[in-house]
Amino acid sequence: MSWWMQLIACCVATIAYSALVRLPRKAIAITALIASAGYGIYLLMDQSTMGYFLASLLIGVLCEICARIMKRAATLFMTAAIIPLVPGVGLYRTMRYIVEGNAQMALSTGTATLLGLCGIALALTVSTVLFANLRRIPKKKDGTC
Amino acid sequence: MQTHNELGDEWMEKVSQVLDAVCLAAQIILECGGETYRAEDTVERMCKGFGVPKVDVLALPTGLMLTLAMGEEKSLTRIVRVHRRSIHLKKLDQCNGVSRKVASGEMNALEALEALEAIKAECKDRKWLMIGASALSASAFAVMLGGFWIEFFIALFCGAAVQFISVLMARHRMPGMISGLITGALTTLLALLGTLVFPGANVEPVISGSIMPLLPGLATTNGIRDTIRGDLVSGGARIMEAILCAIMLAAGIGLVLSMWRGVIG
């Protein structure tokens, strides 16, 4: 499977998912691009736990920047953009190993899945906190706060 | 100085409009998948725009409490319960627009209330479009995770079925956890049946692709973010919801996989 086909599929899937969560039309194209960029980083990082973290960090930062530019809530972009990274394969593999009675593989796959999810959550939290604090600085300078 | 008795009915009506408007705004945000701090923030901003001297608000994933302090001896409290939560970003966006207008003084309480009621009432979900979107997203994810044409077609059916059954269960007020179990089981069953029809199909991308839109990716994030912000109750509740949701999905998959092994393997 070539990487560009995966990225195109990622783009299409994100667009379809945005329709599912009724994302406003203006935000759909940019959300799909952000999602593909994030997934590209994840593929580059060889699908590791660190890959989850860095890809989500990129997605979080890009979403916050877009939110500032378009004067919309960052959640709007983030909800759909993060979906391709959610470790669905890990969950399925864990269940398959449990059903097959392969406890060792189930444990290691399950741990990796959980770590991936934590990495995503941590990265998005970091980007949000980063931007929430950046916003406050110019306000203080103006004295309008 | 005037007290509320001298101001009388007119004052009372105006205050109740303010209260209705802020409660409705917060309720829409909580029902459409907004974070609790966004609901609290919106209430505070709107009250500032309406000229309410002091407001205290506590938003939880399942409800909202707020008190407006009007004048020295009078305060009004209201509790709003939030029963069903889904993601509806368009309503969230429109609600944000209203609160921004109120905060900048472009809208008064009555206009805001009317605008918010229009947002809440808007419910023109085109059912077939939703089913199509779900089918397309499932199949595109299946391709993304290493599938090809066969997997694409099987996932198309899985995605459509998931959306169809989700709408059906939401209409009959099935608890969210149980519907997670059922959708997980249904997806796995359809994918496994697909391998019977098309021998040689790979089940993994089909099942993973179909459950990805159902997994609580953002709920976990919101939960951890809330906890870090210090909203311990909503953070804990969200993390709990996310974990239970994932476990239920996994249980549904595991149930069908083990039954399938018993019958076929």
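A residue is called buried when its relative accessible area is under 20%, exposed when that area is over 50%, and partly exposed in between (1.4 Å probe, protein chains only). By this definition B:R85, at 34% relative accessibility, counts as partly exposed. The structure is a predicted model, in which local features need pLDDT of at least 70 and side-chain atom pairs count only at pLDDT 80 or more, while totals for chains, interfaces and linings use all residues; side-chain values use heavy atoms, with hydrogens and water left out. Residues are numbered from 1 along each chain as its sequence is written, and chains are lettered from A in the order in which they are written.

Side chains of opposite charge can pair when their charged atoms come close. A salt bridge is defined here as a side-chain nitrogen of Lys or Arg within 4 Å of a carboxyl oxygen of Asp or Glu. Over all chains, this rule gives 13 salt bridges. One of them joins B:R85 to B:E241, with the closest N and O atoms 3.1 Å apart. B:E241 lies in helix α10 (residues 232-263) of chain B and B:R85 in the loop between β3 (74-81) and α3 (89-103) of that chain, so the pair ties together parts that are 156 residues apart in sequence. Helices (H or I, at least four residues) and strands (E, at least two) are DSSP runs, numbered from the N terminus. B:E241 is partly exposed, at 27% relative accessibility.

Within chain A, a salt bridge links the side chains of A:R68 and A:E64 (3.6 Å, N to O). These two residues are 4 residues apart in helix α3 (residues 49-70) of chain A, and are therefore separated by about one helical turn. A:R68 is partly exposed at 34% relative accessibility, whereas A:E64 is buried at 4%.

A further salt bridge is formed by B:E204 and A:R93, whose closest N and O atoms are 2.8 Å apart. This pair crosses between chains, running from helix α8 (residues 203-211) of chain B, which holds B:E204, to helix α5 (residues 88-100) of chain A, which holds A:R93. B:E204 has a relative accessible area of 13% and is buried, while A:R93, with 34%, is partly exposed. Salt bridges that share partners connect A:R93, A:R96, A:E100 and B:E204 in one network.

The contact between the chains (heavy atoms within 4.5 Å) involves 49 residues from chain B and 44 residues from chain A. The buried area, that is, the accessible area (1.4 Å probe) that two parts lose on being put together, summed over both, is about 4,300 Å² for chain B and chain A, with 73% of it on carbon and sulfur atoms. Of the area that chain B buries against chain A, 16% is supplied by B:L89, B:M144 and B:E204, more than by any other three residues. The salt-bridge rule finds 3 salt bridges across this interface. On the side of chain B that touches chain A, the elements giving two or more residues are α3, α5 (127-144), α8, α9 (217-229) and α10 of chain B.
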